[in-house]
Amino acid sequence: MNPFRIHVLGCGSALPTLQHYASSQVVEIREKLFMIDCGEGTQIQLRRSHIHFSKLLAVFISHLHGDHCFGLLGMISSFGMTGRTAPLHIYGPADLGAMLKQGLDYFCHGLEFDVVFHAVDTEQSAVIFEDKSLTVETIPLQHRVPCCGFLFREKPMLPHIRRDMIDFHHIPISQINNIKMGADWIDADGKIIPNARLTTPATPSRSYAYCSDTRYMSHLHRMISGVSTLYHESTYASDNEGRARLYYHSTSRQAAIVARDAHVGKLLLGHYSARYNDETRLLHEAQEVFPNSYLTKEGAVFDV
Ligand SMILES: [Zn+2]
Ligand SMILES: [Zn+2]
């Protein structure tokens, strides 16, 4: 199967710690690389993860808090020193456009590649990126500033060809695509071979939802129903639920409630408050509600 993986570059929150980098992930899907959030130090983490700078097509910024975007300018500046020529697309809240332009004009003049900014409406869900195999949709979130998550979906795949049946009926290669698209086959005697005998069902499409930063949203599960993998911020443990509500963050238990209600395949936790030296408690509180929960950490790679 084609790879669809999440590389965790940073999963801490706003205050620096010696354990975690600020938020950033790379989504690897069929040879293409997309970044979500770009906290300070992300480019060092890219190096550590042996991810090729040049393969990064786009960066999606959830919101304009420093722990999600302070690494962007430095990373773009470094790309300029590595001979990049392919355009880099940046998706984020509208205010990022002017800040980015000012920063690029001052620090990064003479770049040999284009930085193309796409303003994202954080209040409405919309498809903001599409190519032949993938779409990316926004997920409106509730935070102290305009903020949205991102939902990466593989497009539906074509059914698999049954090689034995193709050989048996002497079907020419030129017809394989039609059969994948659903055509029956009529053999030399005029007999119809139904498509269902020539193919096996397509591999189910996979999907990944990234939700950070956000208050617990009781309706969020409807927007991400059935995704294969969900990353949901889990800044606090349950005893800090009041603080989570006040600062528009979530507890790991609340992340698990969203995962359970959305019937996701697995839940990844992150954006840990600096107060926790060990996040095991966050994991256990999530697993009580949704057993298939995992802690993210720098350098970890998860199959979607
Ligand atoms: Zn944050
Ligand atoms: Zn934030």
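A: A helix here is a DSSP run of H or I with at least four residues, numbered from the N terminus. The model is predicted.

Start with helix α10, residues 252-262. It is mostly covered, with eight of its eleven residues buried. Those eight are S252, Q254, A255, A256, I257, V258, A259 and A262. Their cover includes α8 (220-223), β15 (229-233) and α9 (241-246). β16 and α11 are also among the covering elements. Just after α10 comes H263, which takes a positive phi of about 55 degrees.

Now widen the view to the core. The largest nonpolar core holds 55 residues. V27, F34, F60, F152, Y208, I224 and L230 have the most contacts inside it. Helix α10 gives this core its largest share, six residues. A second core stands separate, with 23 residues. L46, F53, F79 and C108 are included in that second core.

Next, take F60. Leaving out residues up to four places away in sequence, F60 touches F34, M35, I36, D37, Y91, I128, F129, V136, F150 and F152. Several of these contacts return in the ring cluster. Ring pairs join F34, F60, Y91, F129, F150 and F152 into that cluster.

Aromatic pairs number eleven in the structure. One of them is F34 with F129, an edge-to-face pair. Its centres are 5.3 Å apart, and 70 degrees separate the planes. F34 sits in strand β3 (residues 32-38) and F129 in strand β7 (residues 127-130). The pair thus links parts of the chain 95 residues apart. Buried means under 20% relative accessible area. F34 has a relative accessible area of 0%, so it is buried. F129 has 15%, so it is buried too.

F129 has another ring partner, Y91. The ring centres of Y91 and F129 lie 6.5 Å apart with the planes at 85 degrees, so this pair is edge-to-face. Y91 belongs to strand β5 (residues 88-93) and F129 to β7, so the pair ties together parts 38 residues apart in sequence. Y91 and F129 are both buried.

Two arginines sit over rings. R84 lies over the face of F113, 5.5 Å from the ring centre. R215 places its charged end over the ring of Y248, 3.8 Å from the centre.

The metal site comes next. The zinc ion (ligand 1) has four protein donors: D67 (OD), H68 (NE2), D213 (OD) and H271 (NE2), at 2.1 to 2.2 Å. The angles between the four donor atoms run from 91 to 170 degrees, so the arrangement is irregular. In sequence, the spacing of the donor residues is D-H-x144-D-x57-H. H68 is in helix α2 (residues 66-69), while H271 is in the loop between β16 (266-270) and α11 (280-289). These two histidines are 203 residues apart and link distant parts of the chain. H68 and H271 are both buried.

A14 is found in the loop between β1 (4-10) and β2 (24-29). A14 has a relative accessible area of 60%, so it counts as exposed. From A14 to L56 is 42 residues in sequence and 25 Å in space, C-alpha to C-alpha.

Technical notes
Residues are numbered from 1 along each chain as its sequence is written. Chains are lettered from A and ligands numbered from 1 in the order in which they are written. This is a predicted model: local features need pLDDT of at least 70, side-chain atom pairs count only at pLDDT 80 or more; totals for chains, interfaces and linings use all residues. Side-chain values use heavy atoms; hydrogens and water are left out. Donors are N, O and S atoms within 2.8 Å of the metal (3.2 Å for Na, K and Ca); water is not among the atoms, so sites may look incomplete. Four donors count as tetrahedral if all angles lie between 85 and 135 degrees; four count as square planar and six as octahedral if opposite donors are over 155 degrees apart and all others between 65 and 115; anything else is irregular. Buried means under 20% relative accessible area, exposed over 50%, partly exposed in between (1.4 Å probe, protein chains only). A nonpolar core is a set of buried Ala, Val, Leu, Ile, Met, Phe, Trp, Tyr and Cys residues joined through side-chain atoms within 4.5 Å. Contact means heavy atoms within 4.5 Å. Rings of Phe, Tyr and Trp (its six-membered ring) pair if their centres lie within 6.5 Å; planes under 30 degrees apart count as stacked, over 60 as edge-to-face and the rest as tilted. A charge sits over a ring if NZ of Lys or CZ of Arg is within 6 Å of the ring centre and within 35 degrees of the ring normal.
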